[in-house]
Amino acid sequence: MRRSRVTTLAAVALTGALALAGCAKDTGGGSTPPAGGNQAESCKKNPVPTGGSGSAAGSTSAGPKVDASALKVGLAYDIGGRGDASFNDSAAAGLDKAKADMGLKETKELTAAPNEPEDAKQSRLRQLAQEGFNPIIAVGFAYAKSVEAVATQFPNTKFAVVDDDTVKLPNVTGLVFAEEQGSFLVGVAAVYKSKNCHVGFVGGVNVPLIQKFQAGFEQGVKAASNDAKIEAEYITPAGDFTGFQDPAKGNVVAAGEISRGADVIYQAAGASGKGVFEAAKSKNALAIGVDSDQYNQKTVENSRDVIITSMLKRVDVAVYDYVRAVAGNTLASLPKRFDLKADGVGYATSGGKIDDIKATLDAYKQQIIDGKITVSDKPSN
Amino acid sequence: MRTTLRGKLLPPVLAIVFSVLLCTIALVISGDNPLDAFGAMIGQLFRGTTAVDTLNSGAVYYLAGLAVAIGFQMNLFNIGVEGQYRFAAVIAAIIGGEIVLPPGIHTLVIIIVAVVAGSFYALIPALLKVYRGVSEVISTIMLNAIAIGLIAYLVSTDAFGVQVGNNIGTRPIEESGWMPGIPFGDNGTLFGFVFVAALVGFGYWVLLNRTRFGFELKASGESPTAATAGGVDARKMIMTAMLLSGGVAGLTALPELLGRDHEYLQTSPAGYGFAGIAVALLGRNHPGGIALGAVLWAFLDKSAVSLDNVGVPQEITTIMQGAIVLSVVIAYEIVRRMELAAEQRRVGRQLGRDTSDVAAGGSV
C-alpha cells in the first residue's frame, strides 16, 4: 500500500515535470524569431484583378414589407444553443430580427444536448410540430435525417435545415452557404496583412464542412501571392467534436503554427477559436475570426485587437430570409446557396484594420460574384 | 451473508429520492418550478414516441451495462467498453454496408462481426494485462482515445466513408441487413434488438449462476489467491472475462444500427460505454438491477428534450443522473452496515450473550 502510494506520487511528480518541460520548450520556441529569413519583407503580390462591373451584391431582404405575425416559428439549435457566440447565436440573431421587423410573436427555441442519439432530435422536432409551430428551423446538418423523418410525418409543416440540402421533400428547404467564397476573401486579406508571407488555418474538427473554409482560404492566399506559405491544421479528427469546444487545444495548435512562422491565423474552430486569438495575442501575430463579426464579440473581448477581420457566415440572413419567404409565400425566390452574391457570406470590417485593403478585397469579391473566379469547396491535397 | 430484499431495494429507492430532492433544490435556486419539471418528465411518457424510445435506449444502456458488469464480477474495470462498442459499431456498419446477403443471414453476419470486433478490441488490454501486467484501467482508457482516431479514419472518404451533404458516414446497410421492430404507429417502433438484449441478460444470469465458469469468475473476483489455490487459472479467467466483456460491448450500438440508423455517421453518439459503467453500478451487476438502471438512465435521457420544451434547463437530467450514481453507492454502503449490525444483533440474541463489542469492532 505504502509503496504504491510512493509510486503514485512519483508518477504525479514526473508528469508534472514533463508538462512543465513541455511548456518551457513551447515558450522558448515562441520567443525565438521564426526561421525563414524573409520576415521583414512582405511577399510579392499578384496583380489585383480589375474589370468588375461594380454592381453591389444583391440583397434579398429588400422589398415590400412582410407581416409574419401569424407565424409560430420553432427553432431547434445544435449543441450550445443561444449564447454560443457562434453559429447558433447567428441563427438566433436572424430570429430576433424577424421578430422586430415582421411582427413575429410566437417562437420557441430548443437546444440539442451533446452526444444525443437520433431519437432525441426527432422528439424535439416532433414536439415543435405537434404544438403547431410552422415553420420549424433546424440549425445544423446533424438534423438532416431527423428532419427527413419528421417532415414526412407532418407534410403540412414547413421545415428548414441550416447547412444541409440533401433532404428532398416538398416541405423542406435547405439553407446552405458558400463558406469557401467568404474564406477566399479573408485568405487574400491574410496575405496582405502578413509580414512573413506565411499564414495559418486552424480548423476545429476535420469534417467536410470545415474543409470548405480551408479550401477557400488556401485559394484566396494563392490568388493573392504565389510566394505565400500556408499552415493548415485541425484540432481533432472527425468524430471527436471536442475540437469545437476546446480553447486550450486551439491555443496550442495556433501557437505551433505561429512558431513555424505564420503570422496571420484564420480560425474555423467554434469556441476553440478563443484559444487561437489568445495565442495570436501572446505571440504578436494577427488572427481572423469566423461565422460572426468576432471583433464585436464579448467572449473574445480581451484579444480583439488581434482580430483584423472575420469571415461572415450569415446564418442570420438565411433564417431571416426564410421566415420572410414563408410569411410572404415566396419560398421559390430563396437562393439555392447563400453566397457572396446573396450576401450570405462576406467579411467584417469592424476595428478598421483592413480598411486600407478594402478596395482589393472588393475587387476579388466582384470577380467571384461575376463568376470570373470560381472557388472550389474541396482542399487541393 | 445474503442480503435481504430490503437490502436490495432500499438503496436505489433512497438514491432516487435523494437525487429528486437535490434536483428540486437546484430547480428552486435556478428559479424554475420543480412541479412543472417533474410533471413534464412523467407526462412525456404518454406523449409521442418517448415511452418506446426509452425502451430502445434502455436496450443500448443494458448491453453496455452488462459488458461492464462482466468485468466487475472479477474486479476487472473495463473502462474500454466505450472504445470497444464504437470500434465494433463502425466495423459492423462498414461490413454490413459493403455486403448484401439474404435477409436474416445478413443481420446475423453483422451481429457476429460486431461481437468479434468488440472482443478483438478488448483482446489488446487483456493480452497486456496477462503477459505484461499492465493495468486494464490505463490501457483501456488509452484505447478509447485511439478508437476515436481509428473511427475518424475508417469513416473518412479516404477509407470507407461516403459524404452526404456535410456529413460523412459508412455506406448505408441494405434492407436485408436490418432487424425488424414492432411498430406502434405514431408512438414509434420498438427495436427488435430489445429482445436480443433481454436474451443476453438472461445468458449473463445463467453464466454466472449455473455454470462452473461463472463460479470461477466470481471466486476470482472475491479472492484471486483463494481461487488460484482452488485450481482456477487466473490468466485464462482474465482473458475470457475481457473477451466476453468486449463481445457484449460490441453489441451495444446494434439496436440503433440495425433498427433505425443503418449507417454509422461521424455525428453518431458517443458515451454509451461510460453510461454503461454508471448503469452497472446502479444495478449492482445483477441482470435485473442493470435492466432497471438502464431503463431509468434512458428515461432521464429522454426527459432532457421535454424539460427543454417547458423551459427548464435540460442539464437538470445530468445532475439527476450524477446524483443517483453517487448516492446509490453511498446508500448501498449504509444499508449494508445496517444489515450487518442487525445480523450481529440477531446472532448475538440467539447465542444469548451481548455482542455489542463485536458489533462496535465491525468484525464478523
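**W178 of chain B**

I started with W178(B), which sits in the loop between β2 (167–170) and β3 (182–183) of chain B. This is a predicted model, so I kept an eye on confidence as I went. I then listed its contacts, skipping neighbours within four places in sequence, and got T107(B), I173(B), L258(B) and H262(B). I also checked W178(B) against L123(B): they are 55 residues apart along the chain, and their C-alpha atoms are separated by 28 Å.

**Confidence**

For the model I wrote down ipTM 0.86 and pTM 0.85.

**Transmembrane spans in chain B**

I went to UniProt next. An unreviewed entry there lists "transmembrane region" for residues 12–31, 59–77, 84–101, 107–128, 137–155, 188–208, 238–258 and 319–335 of chain B. I picked out two of these spans to look at in the model. Residues 59–77 of chain B are 79% helix and 0% strand, and the end C-alpha atoms lie 22 Å apart. Residues 84–101 of chain B come out at 83% helix and 0% strand, with the end C-alpha atoms 26 Å apart.

**R284 of chain B**

R284(B) has a positive phi of about 50° although it is not a glycine. I found R284(B) in the loop between α12 (272–282) and α13 (287–309) of chain B. R284(B) is partly exposed, because 19 other C-beta atoms lie within 10 Å.

**Chain A overall**

Chain A has 10 helices and 12 strands. Of its 381 residues, 55% are buried. I also looked at contacts with a separation of 6 or more in chain A: residues 24 or more positions apart account for 71% of them. UniProt, again in an unreviewed entry, lists "domain: ABC transporter substrate-binding protein PnrA-like" for residues 78–368 of chain A. I checked that span in the model: it is 41% helix and 20% strand, and its end C-alpha atoms lie 31 Å apart.

**Two domains in chain A**

I have chain A divided into domain 1 (49–177 + 314–345) and domain 2 (179–313 + 351–369). Their C-alpha centres lie 26 Å apart. The contact between them takes 21 residues from domain 1 and 19 residues from domain 2. On the domain 1 side, helix α2 (residues 87–102) of chain A gives the most, with three residues. By class, that side of domain 1 has nine nonpolar, six polar and six charged residues.

**The largest nonpolar core**

Which residues touch the most other members of the largest nonpolar core? A138(A) and A64(B) do, out of 215 residues. Helix α3 (residues 50–73) of chain B gives the most to this core, with 14 residues. The core also draws at least three residues from each of domain 1 and domain 2 of chain A. I then followed up A138(A): leaving out residues up to four places away in sequence, it touches A76(A), L125(A), Y143(A), V147(A), F159(A), A160(A), V161(A) and V162(A).

I logged a cis peptide bond between N134(A) and P135(A), with omega about 10°. P135(A) is in the loop between α3 and β3 (136–139) of chain A. My last stop was D343(A), which is not a glycine but has a positive phi of about 65°. I placed D343(A) in the loop between β11 (337–338) and β12 (345–347) of chain A. D343(A) counts as partly exposed because it has 19 C-beta neighbours inside 10 Å.

Key
Residues are numbered from 1 along each chain as its sequence is written. Chains are lettered from A and ligands numbered from 1 in the order in which they are written. This is a predicted model: local features need pLDDT of at least 70, side-chain atom pairs count only at pLDDT 80 or more; totals for chains, interfaces and linings use all residues. UniProt positions are given in the numbering used here, feature names are shortened, and annotations may be inferred rather than shown by experiment. Helices (H or I, at least four residues) and strands (E, at least two) are DSSP runs, numbered from the N terminus. Domain bounds come from an automatic or database domain assignment. Two residues are in contact if their C-beta atoms, placed from the backbone, lie within 7 Å. Ala, Val, Leu, Ile, Met, Phe, Trp, Tyr, Cys and Pro count as nonpolar, Asp, Glu, Lys and Arg as charged, and the others, Gly among them, as polar. A nonpolar core is a set of buried Ala, Val, Leu, Ile, Met, Phe, Trp, Tyr and Cys residues joined through C-beta atoms within 7 Å. A residue is buried if 20 or more other C-beta atoms lie within 10 Å of its own, exposed if 12 or fewer, and partly exposed in between; C-beta atoms are placed from the backbone.
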